[in-house]
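User: I'd like to go through the labels on this model and hear what backs each one. Can you take me through them?

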Amino acid sequence: MMQATELVMVEPGFCSAADSGHELADRVGMAMVRLNKMHAQVAHQMAKQGMDKASFILLATLAGMGPCRSSALAEAVLSDPSTISRQVAVLVKDGLVERRADPADGRASVLAATDAGLKLLKERRRLRNVAIARMFEEWEEADWKQFADLFERFVQDYETAIPNFMSEGGLGARTGGER
């Protein structure tokens, strides 16, 4: 396990650290910044085509979770229920999500992806997979598999750690409290 040491910002994007753990952390962090920048460009293009990133994430999360209350969806995406409510309204208007009576409590409603929403997700996933496979055409299959395994591990650890990072960084706790 690596020990924490003090980082000194030498210039934007480059840190000097007493141990290689922080140098590696800086490399990963900067790669994440670059990846986020490219992802923002893709999200911008998606928005031009009528589906913003936040809506897409809600739809994909809802499809994965199955029918659920708005509060559960907000918790799943680490967002505020009032924000989710506004975003879901657009998805409902576009026919990608529907409100149904909650089978456990008829006074409440649950959200569910519609067939049109599921079809949109399936097509976007197909297009994404084609594009990603194209990027790995020059990689050896073993390298690609190792990357996928390590990347999945990284994302899982990041998902587990992010609520604490947010709290420690003064960004507030997750909606509904921390686990």
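**Labels and their cut-offs**

Analyst: Let's start with the core: L59, L73, V88 and V97 touch the most other members of the largest nonpolar core, which has 16 residues. Helix 2 (53-65), helix 3 (70-76), helix 4 (81-93) and strand 4 each give two or more residues to this core. A nonpolar core here is a set of buried Ala, Val, Leu, Ile, Met, Phe, Trp, Tyr and Cys residues joined through side-chain atoms within 4.5 Å. Bear in mind that the model is predicted: local features need pLDDT of at least 70, side-chain atom pairs count only at pLDDT 80 or more, and totals for chains, interfaces and linings use all residues. Residues are numbered from 1 along each chain as its sequence is written, and side-chain values use heavy atoms, leaving out hydrogens and water.

User: Why is the pair of F136 and W144 called stacked?

Analyst: Rings of Phe, Tyr and Trp (its six-membered ring) pair if their centres lie within 6.5 Å; planes under 30 degrees apart are stacked, over 60 edge-to-face, the rest tilted. The centres of F136 and W144 are 4.9 Å apart and the planes sit at 5°, so the pair is stacked.

User: And what makes the pair of F136 and F147 tilted?

Analyst: Its planes are 40° apart, with 5.6 Å centre to centre.

User: How do you know whether F136 is buried or exposed?

Analyst: Buried means under 20% relative accessible area, exposed over 50%, partly exposed in between (1.4 Å probe, protein chains only). F136 has 9%, so F136 is buried. W144, at 32%, is partly exposed, and so is F147, at 36%.

How values were computed: Helix = DSSP H or I, 4+ residues; strand = E, 2+ residues; numbered from the N terminus.
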